Amino acid sequence: TAPTRPSNAYERSKLAQEEVGREFVRDHGLQITYLRPTPIYGPRNAYGMATTIFAIAHGMAPFVPLGNNNHFTSVHVRDVCGAALHLCDHGGTGGDAYNLCDDGTLTHAELVRFVAGVLNVPVYPLWAPDRMMRLVAPLLHRLAVGHARRIAPRRPVIDPDMIPYSM
């Protein structure tokens, strides 16, 4: 029931999809349940969290952002499917929206350190408050995209709208 405040084009497109769904509910009496998952991870993932891991693995994210305690929220693809099946089996949810996330408590810095450790890639602490990171993020994005295109020209690059999710 909380107000929606999309902050980028991706989030606005998801909200627009829900609005189209509400029109179908109103005009045709359909029962629609909305799932709003946080970034999804799991097998064969090639977007979202996967681009963060790709960036760390290829040295495009060599710094651990310090200066904030933002937590990384995510949900495994099996849990998204399980929630969808559960809601299908237990009626009465037509028109309701459900936010989906796991109960992880990792901060962004802990996540970067963990992934870098698993991949055996060095990362270095960089203290920068949120405001400073948001100011330099577009520059860092341009540098990372240029580097990514040189090492993997066919692989999707980091979407600029994803950057705030990783800080």
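Tutor: Let's start with the term itself: a salt bridge is a side-chain nitrogen of Lys or Arg within 4 Å of a carboxyl oxygen of Asp or Glu. By this rule the protein has three salt bridges. The model is predicted, so local features need pLDDT of at least 70 and side-chain atom pairs count only at pLDDT 80 or more, while totals for chains, interfaces and linings use all residues. Residues are numbered from 1 along each chain as its sequence is written, and side-chain values use heavy atoms, with hydrogens and water left out.

Student: What makes E18 and R22 a salt bridge?

Tutor: Their N to O distance is 3.5 Å, and the cut-off is within 4 Å, so the pair counts. Both residues sit in helix α1 (residues 9-28), four residues apart, which means about one helical turn separates them. Helices here are DSSP runs of H or I, at least four residues long, and strands are runs of E, at least two, numbered from the N terminus.

Student: Why is E18 called buried?

Tutor: Buried means under 20% relative accessible area, exposed means over 50%, and partly exposed is in between (1.4 Å probe, protein chains only). E18 has 9%, so it is buried.

Student: And which label does R22 get, buried, partly exposed or exposed?

Tutor: R22 comes in at 32%, so it is partly exposed.

Student: How do you know that R36 and E18 form a salt bridge?

Tutor: The closest N and O atoms of R36 and E18 are 2.7 Å apart, which is within the 4 Å of the rule. This pair links distant parts of the chain: R36 belongs to strand β1 (residues 34-37) and E18 to helix α1, 18 residues apart. R36 has 25% relative accessibility, so R36 counts as partly exposed.
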